[in-house]
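Trainee: Please take a close look at the ligand site and describe its surroundings in detail.

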Amino acid sequence: MHSFKWGVLGTGKIAKRFMQAAFYVPEAQVVAVGSREQRTAEQFGAQFGIPKRYGSYEALIGDPEVQIVYVATPHSLHAANALAAIAASKHVLCEKPFTLNAPQAEQVIQAARAKGVFIMEGMWTRCFPLMREVVRRIEAGELGEVRYVQADFGFHPEFNPASRLFAPELGGGALLDVGIYSVALAFLALGEPKQILAQATLGTTGVDELCSILFLYENGAQAVLSAALQVETPKQAHLCGTHARIYLPAPWWKPSEAYLIRRDGSQEHLLYPYEGDGLQFEIRHVHDCLRQGLTESPWMPLDETLRIMRTLDMLRAQWGVRYPSEL
Ligand SMILES: NC(=O)c1ccc[n+]([C@@H]2O[C@H](COP(=O)([O-])OP(=O)(O)OC[C@H]3O[C@@H](n4cnc5c(N)ncnc54)[C@H](OP(=O)(O)O)[C@@H]3O)[C@@H](O)[C@H]2O)c1
């Protein structure tokens, strides 16, 4: 079996979940890990059986055996980490949000296209078998015209001004951490909005901790989205069309089931159970793209990533949330 050789850049929460998911993908071979500190790289490598453990990101990127770099650092570092990997001709899976803002995203996309390497934003929601089925149902016209989307993702972490969730210098705020899932879902079902209305409550560190967003579309469709770091929200999503609607129960961004409810009241239960956390579908998708010689994902195209980043920029501009590197 042909294997794909990954290097994991960063050793935080999502990097650990990535390693657990890679266990379900036999052709995924994580050959190296890179951390800011040798000690952390050693610990992570020992925990997950990774042979090469580097005490710097540069060393990981410089390893000729690594084909794909998984960027798992705070948002504020995504652009620099991805650019370094691209410069070394590596393929890249870059965690969401792709970068801190749209100008950075543009720069990374241009660099990847110029090098001819694969790069994808880690919007893992789009890779779940259930989400692919939802897309099929929409494309087959089963919902009729989608006119209304509702999605929320709010959670209540311990307040820590130094953590990446709250620290402006690490790209803190609810929108970029969890709101992006709902924004990407609205893009999937309805495309780019014509007008955006939104309000946010900023916390003591100056980042958005509670956000309510309304997207208005050319054809009159609407999306109502919310994100939070101050409360737990229902974490549900609804895609409502003129013939039927789809209800995605919590946690909708890593879905295993949905209900298709038709106008006549009949229901279909769509059930796609999976093992673990579900990141394995994204890993497999990256492999499938590479096998086909693609340089971007048809499920999370780069132009759409860029449009989403522009939308996030517009929202933050409405709220006056600017990160130190943008001042
Ligand atoms: N957690 C999730 O559920 C989740 C899900 C999907 C996507 N993501 C995305 O993945 C990225 C990382 O999230 P995470 O939750 O894994 O974050 P995290 O637990 O804070 O880990 C981030 C890692 O980045 C490295 N890093 C480099 N510079 C850092 C700095 N100045 N401060 C803190 N860490 C720094 C650290 O690894 P070293 O010390 O080894 O260098 C750290 O362990 C984010 O962009 C997030 O949106 C997270």
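**The ligand site**

A polar backbone atom of G12 is 3.1 Å from an oxygen atom of the ligand, a polar contact being a pair of N or O atoms within 3.5 Å; within protein, one must be able to donate a hydrogen and the other to accept it, and residues adjacent in sequence count only if both atoms are side-chain atoms. This is a predicted model, in which local features need pLDDT of at least 70 and side-chain atom pairs count only at pLDDT 80 or more, while totals for chains, interfaces and linings use all residues. Residues are numbered from 1 along each chain as its sequence is written, and side-chain values use heavy atoms, with hydrogens and water left out.

A polar side-chain atom of H75 is 2.8 Å from a ligand oxygen atom, and for H78 the corresponding distance from a polar side-chain atom to a ligand oxygen atom is 3.0 Å. Of the 870 Å² of accessible area that the ligand has on its own, the protein covers 82% (Shrake-Rupley method with a 1.4 Å probe; for residues, only the protein chains shown count as cover).

The ligand sits in the largest pocket. A pocket is found on a 1 Å grid over the protein atoms alone, as an open set of points where a 1.4 Å probe fits, with protein on both sides within 12 Å along at least five of seven lines; its lining residues have an atom within 4 Å of a point. A molecule sits in it if more than half of its atoms lie within 2 Å of its grid points.

Helices α1 (13-22), α4 (75-87) and α7 (174-190) are the elements that give two or more residues to the shell around the ligand (helices are DSSP runs of H or I, at least four residues, and strands of E, at least two, numbered from the N terminus). At least three shell residues come from each of domain 1 (4-125 + 280-298) and domain 2 (129-273), with bounds from an automatic or database domain assignment.

There are 21 residues around the ligand, and T11, R17, S35, Y57 and K96 come nearest; a residue is near if one of its heavy atoms lies within 4 Å. By class, the shell has seven nonpolar, seven polar and seven charged residues (Ala, Val, Leu, Ile, Met, Phe, Trp, Tyr, Cys and Pro count as nonpolar, Asp, Glu, Lys and Arg as charged, and the others, Gly among them, as polar).

K96 also takes part in a cis peptide bond, to P97, with omega near -10 degrees. P97 is placed in the loop between β5 (91-95) and α5 (102-115).
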